[in-house]
Structure formats: structure tokens, C-alpha cells
Amino acid sequence: MENALRVCRAAALPAFVLTGPSHAATLFANDALCALLGKEPAAGGQPAPAWFGPVWPAVLGAVDPLFSGDTGEPVGIELLPVGDADPAAFEGVPLTQDGQTVAVLALATQAAPDDRVVARMEREMRAEIERTTAARSRFLASASHDLRQPFQAMRLFLDALCSQISDEKALSTAEMLGNAMTAGERLLNALLDISTLDAGTVTPDPQTVSLDELLGQLVEEFRPQSEEKGLRLRARLCPGTVKTDPVLFGRVMRNLLTNAIRYTRHGGLLLAMRRRGNRWRIDVWDTGFGIPEEQLTAIFDEFHQLQNPNRDPTLGLGLAIVRRLAELLGLQVEVRSRIGRGTVFSISLEAASPLAEPPCNHVSPPPSTASAPPLTGMTVLAVDDEAMVLTGLQMILESWGCTVAAAGDMREVFAVLDGLPDAPSVILTDLRLPGKVSGFDVIDRVRRLYGQEIPAVVLSGETAQSALLEGQRRGCSFLHKPLHPGDLRQVLERLRGGEDKGEDKGEGE
């Protein structure tokens with residue numbers, strides 16, 4: 001944008017820049033145009049409708065097709081100045097990025113730019129937008145990681161402390177501290193998700209997905225949360241495939257399930273899928289207090305919260321994230337509700353296979369009561385460059401009976417591995433490490449060192465789907481920071497169980 005403004009301000013004849021895509025809402029005008037229209041010089045961005053006044057409809061009518069994508073060719077703009085001055089004719093040149101018009105530079109036709117000048121300006125504009133987008137992506141990735149690290153360390157230390165407390169009053173205080181931390185983590189995660197979506201740095205990666213497997217994993221993931229509130233979580237699933245981004249769609253469903261558990265005090269939840277022609281319909285039912293009909297649309301707005309006695313501080317962002325992710329995936333979210341009876345959120349996806357599939361008659365089984373496989377004797381290579389997080393991980397893992405080889409970077413990784421008699425049972429690594437090294441580099445090099453697919457768990461504060469997909473390709477489990485120690489233990493128990501049964505140790509979640 002700076003290049004377009006530079007050309008505009010340097011032009012001897014009237015010129016202006018409109019930037020969108022919200023119908024050219026911001027104006028940058030040079031002194032010559034201000035003099036022509038009898039306006040004060042515009043030092044910066046100003047609302048275009050108010051500044052142009054009576055001639056704004058003519059301007060909008062000329063440039064609106066450029067922003068709406070109806071044409072990519074220059075358009076003529078005629079302004080009727082105040083007083084007795086002659087009309088001024090302009091040529092509006094669209095400046096595009098990825099096929100979309102992001103701004104319009106209008107120059108008086110008496111000084112129509114050379115085609116090569118316009119092409120150069122478009123290239124400069126595109127390069128500037130790409131630099132801005134890349135910088136924003138880097139900032140969000142760093143902020144997401146760095147802001148989650150302190151929460152992660154606090155969570156690990158608190159869990160380690162609770163295991164050493166026997167006094168009932170002290171345990172109650174620690175539990176309240178844990179609840180406060182959970183509320184803070186939810187706020188942080190929601191704000192980071194909204195910021196990432198607003199930045200426009202998220203691009204879907206559609207794949208053929210086994211819908212019943214994805215939903216089944218979510219059922220097991222959310223079962224402990226529902227049981228903790230005394231709710232029964234049921235599922236009715238059957239074989240079916242769709243084409244969607246599994247990471248983004250998983251985030252949609254997680255937010256819907258989180259919302260259902262949060263606003264349900266009695267009864268239970270049902271996650272169901274059913275075939276309707278060539279589409280799959282997924283429903284999330286709850287027996288909560290319900291939503292008034294006049295608020296069924298407003299609940300998807302940012303910071304909108306219903307008045308309810310069971311409310312917790314979430315800033316009302318969960319359903320706003322659902323709406324934005326659904327729009328990104330080209331999906332519609334429907335909601336029906338009855339006060340005092342409950343609510344159902346529904347999403348419809350096109351089936352990947354046109355063939356008839358078995359009826360949906362599977363009801364998810366109750367959680368297994370079998371004792372979890374012990375972790376005693378499990379050797380874990382734990383890698384994290386944040387000393388507090390690494391110390392917390394070591395304390396928790398050792399309290400579970402694990403042998404821990406802790407390292408903060410790649411050099412320390414090989415140093416601690418030299419002290420192990422055998423290969424580690426599991427690699428537990430942060431994704432972002434010092435320099436250009438990532439957790440994936442640690443996994444690859446350690447696996448090559450021992451010549452075997454050692455199970456790996458990646459910890460990350462980032463939400464970029466590219467990292468998640470990269471982990472899936474390596475057969476890694478993926479846990480988001482700040483993670484609850486119970487989630488980590490569940491993954492390690494699953495890996496230990498698979499090891500004992502001779503299953504593939506590289507299987508991802």
C-alpha cells in the first residue's frame with residue numbers, strides 16, 4: 001500500500017487511493033485532488049463517503065465492480081467538483097493480490113500511467129502484501145507459542161504439587177487455583193484462534209477423511225470432561241467419508257462439544273451422524289437450558305454471551321470461531337433450541353463416496369474400567385527449550401515412574417542419549433526449538449540414530465494446520481499447550497499399551 005500512496009502523493013495532477021474490500025471504505029488523496037474538490041489536505045486515511053460528499057455515489061458506482069470482482073480492467077471515474085470547475089476524468093486501476101482487488105489507484109487521465117508503471121506498481125503492491133502477511137503469520141506463531149509457555153509450566157508444577165499434598169484444605173485451594181488457570185487458558189486459546197483467523201493466514205487443506213473415526217476420537221477425548229460434570233456422552237456413528245480439512249473441521253467440532261458441555265448441567269450429550277442423500281449431517285445435541293429464539297443468530301457474534309447461572313468467563317468466542325472456521329470450509333452451521341429442553345447444532349458435509357453405506361446404529365461404548373497400563377520403566381526423551389516447562393515435565397513424568405532424559409536443544413539431546421543404555425521408549429518434544437531446529441528435526445534424527453520408528457509426541461502452542469499435518473505424516477501424536485498432565489498421561493498409556501501388544505509404535509492420534 002505504501003507504494004501506491006507514494007505514487008498518489010507524488011502525482012502533480014489529482015489522484016487518490018481507495019482500499020477495500022469493504023466497498024472502498026478508506027481514502028488517501030493528494031493535495032491536487034483536495035484543491036479540486038475544495039477540501040482540506042488529507043494527511044492520512046479518512047472515511048471515503050464523508051470526504052467525497054455528493055460525488056461519492058459516482059465514485060462508488062465506478063469502483064465497486066473492481067472490488068466485487070466483476071471486472072479486472074481499469075474503469076473511468078468522473079468527478080463533479082464544487083464551483084465552476086470542469087469535471088475531472090480519472091482512470092481507476094485495480095491493484096490485485098491472489099486474483100482479488102485489494103485497492104484502487106485513481107489517476108487523472110491527463111496523466112494516465114504507462115502500462116509498465118502500472119505493472120510495476122502491482123508487483124510492488126503484491127510483494128508488500130505478501131511481506132505483511134508473512135510478518136503477521138510469524139508474529140502470531142511466536143505469540144501463540146510464547147504466551148502458552150508460562151501457562152504450561154504453571155499447570156505442570158501445580159499437578160506435581162497436588163500429588164504431594166495430603167491436607168484437604170490445601171487440596172481444595174489447589175483445585176481452585178487449577179480452575180482459575182483453566183479459565184485463563186480458555187481465554188488465551190480463544191483469543192489466539194480469533195486473531196489467527198482474522199489475520200487471514202489459515203488456508204484449508206481438503207483431504208478424504210473417515211468421518212466416523214474422526215468423530216469417534218473426539219468422543220473419547222471429551223468423555224472425561226463430560227463425566228466430570230456428571231453428564232453422559234453418547235455417540236451414534238457409522239462408516240462414512242467426506243472431503244474436508246481434518247484439522248480445521250476437528251476444531252469446529254471441538255468448539256461445539258466444549259460449548260455443549262459448558263452449558264449443560266444435567267442429562268447428557270449426543271453426537272450423531274446420519275446420511276441424507278449425498279451428504280452427511282452431524283448433530284451435537286445437549287440437554288442444557290436452551291437459547292431464546294431471538295438470540296439464535298447473535299450467539300455466533302464475538303463476545304456475545306447468554307445470561308445463564310452456569311456461565312464461565314470465555315468472552316463468548318467459541319461459537320464465533322465455529323462460524324469463521326465453517327465459512328472457511330464452505331460449511332453452514334444450523335442451530336435449533338427449546339428453552340429448558342436443550343439445543344442442537346448441525347453441520348452438513350458432502351459425502352466423499354456416492355455408494356450406500358451401512359446404517360448408523362453404532363452407539364459408543366462406556367469407558368473401559370480396565371486398569372491403565374503402568375508407566376513405570378518407560379524411558380522418555382523430553383525436549384523443550386523453556387527451562388520451567390522442561391523441569392515441570394520431568395517432575396510429572398518421574399512421579400509416574402518414568403525415566404526421563406531431559407534436553408533443551410539438539411546438542412543436549414545427543415548428550416543425554418549417550419547416557420542411556422537403550423533407545424528411549426518415547427520422544428516428547430516441543431515443536432519450536434532454538435535456531436532453525438524444530439521438534440520434527442529431533443524426531444527424525446533420533447529415529448535415524450536408532451534405526452527404528454520410536455513413538456513421538458509433539459507439544460506445541462501453535463495452531464497452524466501445516467504443523468499438525470506434518471506431525472500426522474510422521475505418525476506423531478500432537479498435544480496443544482497448555483496441556484493438562486492427564487492428557488499427556490493418556491497418550492503415554494496408549495503408546496505403552498501399543499508397545500506391550502506389539503502394535504505400530506509410530507501410530508499418530
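Which residue stands opposite Thr379 in S16?

A: That's Thr403. Before going on: this is a predicted model, where local features need pLDDT of at least 70, side-chain atom pairs count only at pLDDT 80 or more, and totals for chains, interfaces and linings use all residues. Residues are numbered from 1 along each chain as its sequence is written, and side-chain values use heavy atoms, with hydrogens and water left out.

S15 (residues 379–383) and S16 run parallel, joined by 5 bridges; strands are DSSP E runs of at least two residues, helices H or I runs of at least four, both numbered from the N terminus. Pairing takes at least two DSSP bridges between two strands. The whole open sheet has 5 strands, ordered S16-S15-S17-S18-S19, with parallel pairing. S16 (403–407) and S19 (477–480) each have a single partner strand, so one side of each lacks a neighbour in the sheet. On average, neighbouring strands are turned by 20° against each other, direction ignored.

Now the helices. H10 lies across S15, S16, S17 (426–430) and S18 (456–460), at about 170° to S16. Contact here means heavy atoms within 4.5 Å, and angles run from 0 to 180 degrees between N-to-C directions, with axes fitted to C-alpha atoms, for helices over the stretch in contact. H12 (residues 439–450) packs on the sheet too, touching S15, S17, S18 and S19, and its direction makes about 155° with that of S17.

H10 (residues 387–399) also holds Met395, which is partly exposed at 33% relative accessible area (partly exposed lies between buried, under 20%, and exposed, over 50%, with a 1.4 Å probe and protein chains only).
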